[in-house]
Amino acid sequence: MEEWVGERWHRFIWRAADRSFAHAAVRLEEVQRAVQLLFRAGGGDPLVRVAPASAEKVGGPRSWLQKLAGQGERASIGTLDEQTLALPPVIAVFADAALNRDLYLWLAAQAACHVATPAGWLADNLAATRRALACFPGLRTRYARLLQAHLAQRPAPERLQGTPRELERAIQAALRASLDGVDAGRDTTPPAAREPCAPQDQGASLDGRARQPASVAPVWLWLQAMQTAVGPSATAPEADAADGAPPRPQQQPTPQDPKRRRAQRTEDTSSKHGLVMFFRAESILSWSEFVRVNRTADDEDNQDYSQVADDMQELALAPRKPGETLAARIKFDLDLPSAAADDLPVGEGEPLPEWDYQRGLLLPEHCRAQRLRHRAASPDAIDSEAAGAVPALEKRLKTTSRQVRRRFEALRAAPRWQHGLTQGEELDLDAWVRHQVDRRDVAHRHVEAPAVYARRARSERSLSSLMLADLSLSTDAYARPGARVIDLVRDSLFVFGNALDAVGDPFEMLGFSSVRRAVRIHELKRFGERWNDAARERVAAIKPGFYTRMGAAIRYGTQRLAARPERQRLLLILSDGKPNDLDHYEGRHGLEDTRHAVHAARQAGLVPFCVTIDQQANAYLPRLFGTQGFALVHRPEQLARALTQVYVRLTAAVR
Amino acid sequence: MDRTDTSPATTPFYAEQAGECRLFEHAFRQRLPVLLKGPTGCGKTRFVEHMAARLGRPLVTVSCHDDLTAADLVGRFLIGDGNTVWNDGPLARAVRTGAICYLDEVVEARKDTTVVLHPLADDRRVLPIERTGELLQATPEFMLVVSYNPGYQNLLKNLKPSTRQRFVALVFDYPRPEVEQRIIETEAGADAALSARLIKLATALRRLIDQDLEETVSTRLLVVAARLIVSGLPPLTACRAAIVDALTDDLDTASALDQVVQAVLSHDA
C-alpha cells in the first residue's frame, strides 16, 4: 500500500512539476541521420559517433513544485569529445516540436564547428556559434528563433544572487552577442585553422572552464567539450602477458547500451584490510564525489548496472591491479586450451604490420599470424558431437544451400554472344560481309567452312574468393533466441562453400581470432584442397574464442588472395562487430587499422566485402568498407540474398 | 555514338585549374597522346572541346560503352548496291583528317579496342586496318585523347598498365572554390551571392563522400542547379531536384541531405 501511494504521488507530483513540453518532444532517433550528415557536412570528424547523452547535474532556479518533486536537478546536455557527439535522447525544451527538432540540427552544426581551446566553455561555444552561422547561413533564422525562445526561458539575473548572478549575466550577454557581428557567408576556412574569437564581456569565473558551471541553468544551444575522454585505454597498464583468460561468455543477448557516460580514470585505492576502519562522521560522502565501490567486485549479482550507471554523475574506472583479474574470482567455462588439446600450429608465424592512426604510420612486424589446423578426432575416439555435426548441418541448410547454388549457377551461365564461328545458331552479319569481301581474293575463294556464325555461349570466369570468419569469443553471444552468432557464421561458410564448390570457383576459408598481437588463423579449407568431408568437418567444428584483431586478419587474407592468378578476387569477411583486442586495439585505433587494411586490400586489386550480424554496424561499417561494401544479416535465410548480392555486383562489374 | 565538331563557332568556356592547357598544347606539339583522369562532371569533356577549339582542330568524340568493339572505332564493310563498301570508323576518320579523337570513358570499351590504340599511342602513330590490309599513318595534327574515371565502381575495370603507360596523364579534380564559383557564374549566369552559396553547399556535401555518399556533387550538378535557380525556381526546389535526388536514391539519406541544403542555402536571403 505504501508503495502504491508513493508511486501515485510520484507520478502526480512529477506531472504537476514537469516544465518540459512532452507533447512537442522530439527523439534523437527521429533526426539521427540528419544530425550525422549535418555534423559531417560541417566538417566534423567522420569517426565521431552520435549517441544519446546521459543525464547529469545541472543548476538553475527551480520552482517549489519542482523541488518538491525532486525534478530539474538533472538533465542531458550536448557533449562532444573526440569519439562521441552525445546529444540528449529526447528534446522537449520548447513548446513547438519544430523548434525542438531545429535544436537538434543546431547542436549538430555547433558541434561540427566546435574546437575545444583553453579559452573555455563560453568562449568556445561563442566561437563555434559564429562559425556555424558562417558555414550554414540557412540556419540563421532558425537560430534566431531558438535563441529568442531560449532567452525567454532563462532566469532573470536580477532574481539571482552571488556568483550565479554574475555567471547568468555573462551567459546571457554572450548569447545575445552571438548573433551580432557574423558576416553571413564570408568565413569559409575550416574551423581548426582559426583562432577562437574571445567574447568581450566574459565573467572572470568562466575563464578556462571546459564544462558548464553547475550552478547555472543549462544552455540548451551550447555544447560541453570533453577534453580528456576515457579513450582506448592508453593509460591502462597492460595486464601481465600470461593472463590470457578470455572474457566471460554470454549466454544471453548482450543488453545494448549505447548511452555515452562520463567517466574518469582513477586509482582503485580500496583497502583490503577490512578490520582497520576509519570513520569520521563529518566526512560522509555525497553522490557527486568519488565513492569507492568497486562495481565489478560487488556482492550483489542481480544489480541493474545500467540503472546504477545512470544514477551516477561520473563513472570511475580503476585500473586492475597487477595479478588481480576478474577471472580470479569468477569461474570461467572456457580457459586457454592446453598445448595438447589446442589446434595444430602449421608452419612458422608470419609477421604483419599494424596501422597507428595517431602517429600516421604503419608499424612493421607488429603482429604475428599463426596458422592453425583443427586437430581431427582420432578414429577410435568417439566424438559424437563432431560426427553428427556435418550431416545435421547439411540437412538444416539444404534449402538455403540449394537456393544460393542455383543463383550462382544462373550467374555463371549468363550467356554471351560469341562471334565469327564456323557454326552457330545465328548468322553473324558482320562476319558474313567480311567473308564476301574476302572471297573476291583468289586465295580465299574456296573456304570450306566460313566463320560467319554467332552463338550464345557461357563466358569464362576467373574468380577466386577467400572467406575470413570471425571466431572471436563475442560470436558466442546470441544473435537472436536459439542462434548464436557463431552458428550464423558456420551456416554462412557452409552455404557459401557448397555454392562455390558447385560452380567450381577456387576458394579458401580461414577463421581468425587473436590474443593481443598473436593472431590465430584457423585453416578450414585451403585453395588447393577439395571441399570434402574433412573440410566440412573443420567448418562444423569451429568454436568461439579470444578476440578480434580484424586489421591483421584482413592483411593476412590479402596476402593469400593477392597471390592468386584469377582476375577477380573476392575477400569476404564474416563478422559480428567491431574490431577489439586485449591491448589498446579497440575503439578508434581498431577501426582505423581495419580501414587501413581494407584500403590496402583494395589497392591490391581485391574486392573486400563484409557480411555482418552487428545491429549497430551502420554506424561504422560504411567508413570501413564503403556504402556498398557490406551487408547486414539477421537470419540465416537472409544469407542467400546477401551472398548473391556480392556475386551479382562482381559479375555485373566485369564483362 | 560519335560526334565531329569541325568548326566550333566560339571557343567553349573553360576555367583553367593548374596549367593543364599549357601541358595539353605541349603534348599536342610533341604528338603525344593524353589520358585524362577525374571524377564525373569535373570538366574533362569540356576541357577537350576547349582545347580543340583553341588549337583549331576538329574534334571527334566517341562515348565508349561496354559493347564498343574495335570495328566500331576503325570501320567496317557495309553492303551497298550489290557490293560491299568500306566505311571508316570515327578513329580512322580522325587519323586521316588530322583531328583530335576523344574516347570518353575508355575503360567501358571492350578489351580488343585497346589493341588498335596501342600502335597509335606510341611513336609509330599508325592505325592498322586489318580488314583492308591498310596501314594508316597518322597526320601530324592527329591527337588521341582518352578519359576515364578512377572511381569506386571502376575498381575492377582498370586500364592495363601497358595501355596507361603510352599516355601523358592529366589528373582532374573538382576546381578550387574560387575557380568553381567563376564557372557557375559564367555557365549559369548566376550572381556572386548565389554562386558563393552553392560553393558552400558543395564544400559541405563533398565532406560526405565515402561514408554517406558514393559519388559527390560535381561541378556539372552545381551548374545545373544554378541554371534552374536563375531561370526562376526556388533554390531549395532546384537543389532537391538537381543535387539531392541526383546523388542518392535512399529516401532517408535524401531527407537528411535536404536538411544540409536547407542549412546552407538560407531562404531569407
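**View 1. Exposed residues on helix α7 of chain A in the predicted model.** A:Gly162 and A:Arg176 are exposed and sit on the face of α7(A) that is turned away from its buried side. The helix covers residues 162-177 of chain A, 16 residues in total. From first C-alpha to last, α7 of chain A reaches 23 Å, close to the 22 Å expected at 1.5 Å a residue.

**View 2. The buried side of α7(A).** The buried residues in α7(A) are A:Leu167, A:Glu168, A:Ala170, A:Ile171, A:Ala174 and A:Leu175. Viewed down the axis of α7(A), the buried residues fall within an arc of 165°, so they line one face of the helix. An α-helix has 3.6 residues a turn, so residues three or four places apart point the same way.

**View 3. A:Glu365 in strand β12 of chain A.** Strand β12 of chain A spans residues 361-373 and contains A:Glu365. Phi of A:Glu365 is near 50°, which is a positive value in a residue other than glycine. A:Glu365 counts as exposed because 11 other C-beta atoms lie within 10 Å, and the limit for exposed is 12 or fewer.

**View 4. B:Arg125 in a loop of chain B.** The loop holding B:Arg125 runs between α5 (113-121) and β7 (126-129) of chain B. B:Arg125 is a residue other than glycine with a positive phi, near 50°. B:Arg125 has 18 C-beta neighbours inside 10 Å and therefore counts as partly exposed.

Note on methods. Residues numbered from 1 in each chain as written. Chains lettered and ligands numbered in written order. Predicted model: local features only at pLDDT ≥ 70, side-chain atom pairs only at ≥ 80, totals over all residues. Helix = DSSP H or I, 4+ residues; strand = E, 2+ residues; numbered from the N terminus. Expected span 1.5 Å × (residues − 1). Buried ≥ 20, exposed ≤ 12 C-beta atoms within 10 Å, placed from the backbone. Arc of directions from axis to C-beta.
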